[in-house]
Amino acid sequence: MIIDQRALGFGSGERAVYATDPWTTRGRLFPEASSLTRSDFQRDRDRIVHTTAFRRLKHKTQVFISPDGDHYRTRLTHTVEVAQIARALARALKLDEDLAEGVALVHDFGHTPFGHTGEDALDAVLKPYGGFDHNAQSLRIVTKLERRYAEYDGINLTWETLEGLVKHNGPLVGENAKGSHGPVALPILEYCQLQDLEIGTFASLEAQVAAIADDIAYNTHDIDDGLRAGYLTFDMLEEVPFLSGLMAEVRGKYPNLEDDRFAHEIMRRQITRMVEDVIGVAQQNLARLKPQSAADIRHADFTVATFSEQMAETDRQIKKLLFAHIYRHADIMRIRAGATQIVTDLFRRYMETPAEMQSHYWVDSIPGMSEPAKARHVGDYLAGMTDSYALKAHQRLFDHTPDLR
């Protein structure tokens, strides 16, 4: 992929005309005075980092349950890696780096304990009440469930950050929506009655680079963690021509490198090539679109920040490799079954006996709730749990708790 280095924003501090301007934000649901020292997007980023939800990510699974080892990625370390890549992309494309970083930092707030397994289990038990979606849950957390400020629930983020949180993967309705995601989650529709997030358009380019940074980060670190855990071998990586080429390049330069350093040299090259690919494609798309404002990005009929066709094929091949050797490995599937049982058991017990939640706020709020509202309330409580908290809660309430190791 050819990159126009003259167009890159490294160190210039200059924003492109299509970047989101923090000084003309659409504002917050609850109006606040501006800061003398920070832009609104800087304030959003700072609020996100100081939430309880952000701290909980350190004990939530990415792929491998945290007791497996201290060096595996958690949801928090994944989020930090995504934010680093998003900020690099934003700087290269002369975007607002703070908005891109904020969207990256908040994008996984709604994840349950035990990774996507916990999400699938919670979606199953909540299906009669509208199901569960981690993006919608992220929105609930930052607009309702975080209780820190005197004047409102949530953390009162700007419209642009909320838009990026909800739409970073693309429009939710309309001809450009990804149909495989099904109907729009109810919490998103409900919030849009208060503040229209325009779910039929693309998000800002800042949100788009946060989304592609997510793919780059987990494609890379899941390989790294898979090698560390023994589910992947270097021979298996040869199945993907892109990775095979990177390994040949590293072997040619460092023929006697130890395995840990060899893996790292592959991973750093993988991130670099993918980031460069996205920058080159975005530059081509911008040249074709010729946007004169952030609104032009939103109303385009395609994603601006994406992989080239060749890199998109590599992305598919890497995902296929990860599914075959890690995500669907017999050991992982056994752990997933245990995690599903834990989440399902806890939901049913809390629905039957809400007092078992052992928190005045969560218990005292239930009287008078309808059955759907109660189910969503219990779902909120469960979704906020860390892996370790969910395990301890299950051990306290049940005679047998599945071994997740």
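Trainee: How many aromatic pairs does the count come to?

Mentor: The count comes to 8 aromatic pairs. Here, rings of Phe, Tyr and Trp (its six-membered ring) pair if their centres lie within 6.5 Å, with planes under 30 degrees apart counted as stacked, over 60 as edge-to-face and the rest as tilted. One of them joins Trp362 and Tyr381, a tilted pair with 5.4 Å centre to centre and 55 degrees between the planes. This is a predicted model, in which local features need pLDDT of at least 70, side-chain atom pairs count only at pLDDT 80 or more, and totals for chains, interfaces and linings use all residues. Residues are numbered from 1 along each chain as its sequence is written, and side-chain values use heavy atoms, with hydrogens and water left out.

Trainee: Where do Trp362 and Tyr381 sit in the chain?

Mentor: Trp362 lies in helix 16 (residues 360-364) and Tyr381 in helix 17 (residues 371-383), so the pair links distant parts of the chain, 19 residues apart. Helices are DSSP runs (H or I, at least four residues), as strands are (E, at least two), and both are numbered from the N terminus.

Trainee: Is Trp362 buried or exposed?

Mentor: Trp362 counts as buried because its relative accessibility is 12%. Buried means under 20% relative accessible area, exposed over 50%, and partly exposed in between (1.4 Å probe, protein chains only). Tyr381 is buried too, at 9%.

Trainee: Which residues do ring pairs link into a cluster?

Mentor: The cluster consists of Tyr350, Tyr361, Trp362 and Tyr381. Tyr361 also has the charged end of Arg147 over its ring, 3.5 Å from the centre. A charge sits over a ring if NZ of Lys or CZ of Arg is within 6 Å of the ring centre and within 35 degrees of the ring normal. Arg349 likewise lies over the face of Phe398, at 4.5 Å from the ring centre.

Trainee: What does Tyr350 touch?

Mentor: Not counting residues up to four places away in sequence, Tyr350 touches Glu356, Met357, Val378, Tyr381, Leu382, Met385, Ala393 and Leu397. Contact means heavy atoms within 4.5 Å.

Trainee: Which residues have the most contacts inside the largest nonpolar core?

Mentor: They are Leu346 and Tyr350, in a core of 117 residues. Helix 9 (residues 205-229) gives the most to this core, with 11 residues. A nonpolar core is a set of buried Ala, Val, Leu, Ile, Met, Phe, Trp, Tyr and Cys residues joined through side-chain atoms within 4.5 Å.

Trainee: Changing topic, what is the volume of the second largest pocket?

Mentor: Its volume is about 450 Å³. Of the 22 residues that line this pocket, the closest to its centre are Arg140, Thr143, Lys144, Glu190 and Tyr191. Helix 6 gives the most to this lining, with 6 residues. On a 1 Å grid over the protein atoms alone, a pocket is an open set of points with protein on both sides within 12 Å along at least five of seven lines, a cavity is a set where a 1.4 Å probe fits but cannot get out, and lining residues have an atom within 4 Å of a point. Grid points are joined across faces, edges and corners, and a volume is the space filled by probe spheres set on the points.

Trainee: How many cavities of 30 Å³ or more are there?

Mentor: The count comes to 1 cavity. The largest cavity has a volume of about 50 Å³, and its lining includes Ala53, Arg56, Phe109, His111 and Gln137. Helix 2 (52-56) and helix 6 each supply at least two lining residues.

Trainee: What is the phi of Phe114?

Mentor: Phi of Phe114 is near 70 degrees, a positive value in a residue other than glycine. Phe114 is found in the loop between helix 4 (97-106) and helix 5 (115-125).
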